[in-house]
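Welcome, and thank you for stopping by.

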Amino acid sequence: MKEEYYYLGLMLFTLSYPLAQSFEHRITYHKKWYALWPASLLAALIYLVWDHWFTVQGVWWFNERYILGWYLFELPVEEISFFFIVPFACIFIYEVLIYFMKKDWLRPLGRPFVFVMVPLLLVLGFYHWGKLYTSFNFIFTAALLAGHFLVFNDRILGRFLAAYLVSLLPFMLVNGVLTGTWLDEPIVGYNNHENLGIRIGTVPIEDSVYSLGLLLLNISIYEKILRRKTITH
């Protein structure tokens, strides 16, 4: 594969299995796309504003060597696709776990998770105020967690946590490639003055919180749409 197709190829690879299994007769993921696409679009619009701002501020940047060079609002098209493809794959995991795990085993952890993570993220975010990725990411994710809890209480937090923990491995593998694992240079570079400088392999520790917020926002909107249709029927 030519190097300029690496980011695009990674996104297509991420999409391939969940898309192929979307029509599987047990999960029937495709029947919930009416909720998935509006959720992905709304969440993507929010995160793309953030993404554009951070790109302009030099918090991260994109390696011309590994992208096609097609831009929209100063963002590579591959980066824009990230905010649709990754949630698509992660919500697929969410639905698969709901099907195969009939009991919500992690529901008892939902409330403690919120009560611990919200203040922890707020404290860390404000303490590291000078580091843009760390501070904004942590504070924004804390607000998402609090907002989700106000709307849903702990009804789906156990399901969310299971999906988040399972999706964290492929998410970190994808971000590992993006940040330079197995490559000569990273596809996406990070300014370490704007983060804690702590990495899991090549992935900034902040990405694990970023993943939590991105998935939580998508699932919150997705579940809201699903529940609204259930109530109206």
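This is a predicted model: local features need pLDDT of at least 70, side-chain atom pairs count only at pLDDT 80 or more; totals for chains, interfaces and linings use all residues.

Visitor: At which residue does α3 bend?
Guide: The bend in α3 is about 30°. A proline, P87, follows the bend within four residues. The residue at the bend is F83.

Visitor: How many of the residues of α3 are buried?
Guide: α3 is largely enclosed by the rest of the structure. One example is E95, which is found in helix α3 and is buried, with a relative accessible area of 6%. For the helix as a whole, the number of buried residues is 19 of the 24.

Visitor: How far apart in space are E95 and F126?
Guide: In sequence, E95 and F126 are 31 residues apart. In space, taken from C-alpha to C-alpha, their separation is 35 Å.

Visitor: Which kind of aromatic pair do F23 and W33 make?
Guide: The model has 34 aromatic pairs by the rule used here. In the pair of F23 and W33, the ring centres are 5.5 Å apart and the planes stand at 75°. Planes over 60 degrees apart count as edge-to-face. The pair of F23 and W33 is therefore edge-to-face.

Visitor: Of F23 and W33, which is buried and which is exposed?
Guide: F23 sits in the loop between α1 (6-20) and α2, while W33 is in helix α2. W33 has 18% relative accessibility, so W33 counts as buried. With a relative accessible area of 51%, the exposed residue is F23.

Visitor: Which helices are linked by the pair of F82 and F171?
Guide: The rings of F82 and F171 have their centres 6.4 Å apart and their planes at 70°, so this pair is edge-to-face. Both residues are buried. They are 89 residues apart, and the helices that they link are α3, which holds F82, and α6, which holds F171.

Visitor: How many residues apart in sequence are the parts tied together by E3 and R65?
Guide: The model has eight salt bridges, and in one of them the side chains of E3 and R65 meet at 2.8 Å, N to O. E3 lies in the segment before α1, and R65 in the loop between β1 (60-62) and β2. The parts that this pair ties together are separated in sequence by 62 residues.

Visitor: Is R65 buried, exposed or partly exposed?
Guide: Buried means under 20% relative accessible area, and exposed means over 50%. R65 has 26% relative accessibility. R65 therefore counts as partly exposed.

Visitor: Which residues are linked with R65 in a network of salt bridges?
Guide: R65 also meets D184 in a salt bridge of 3.1 Å, N to O. D184 lies in the loop between α6 and β4 (188-190), so this pair ties together parts 119 residues apart in sequence. Linked with R65 in the network are E3, D184 and E185.

Visitor: What is the phi of E74?
Guide: Most residues other than glycine have a negative phi. E74, found in the loop between β2 (71-72) and β3 (75-76), has a positive value instead. Its phi is near 70°.

Visitor: Which residues make the nonpolar surface patch?
Guide: The patch has an area of about 280 Å². One of its residues, L41, is in helix α2 (residues 33-57) and is partly exposed, with a relative accessible area of 44%. The residues that make the patch are L41, L42 and L45.

Key: Residues are numbered from 1 along each chain as its sequence is written. Side-chain values use heavy atoms; hydrogens and water are left out. Patches are made of residues with over 30% relative accessible area and no salt bridge: like charges are joined within 9 Å, nonpolar side chains (Val, Leu, Ile, Met, Phe, Trp, Tyr) within 5 Å. Accessible areas come from the Shrake-Rupley method with a 1.4 Å probe; for residues, only the protein chains shown count as cover. A salt bridge is a side-chain nitrogen of Lys or Arg within 4 Å of a carboxyl oxygen of Asp or Glu. Helices (H or I, at least four residues) and strands (E, at least two) are DSSP runs, numbered from the N terminus. Buried means under 20% relative accessible area, exposed over 50%, partly exposed in between (1.4 Å probe, protein chains only). The bend at a residue is the angle between axes fitted to the seven residues ending there and the seven starting there. Rings of Phe, Tyr and Trp (its six-membered ring) pair if their centres lie within 6.5 Å; planes under 30 degrees apart count as stacked, over 60 as edge-to-face and the rest as tilted.
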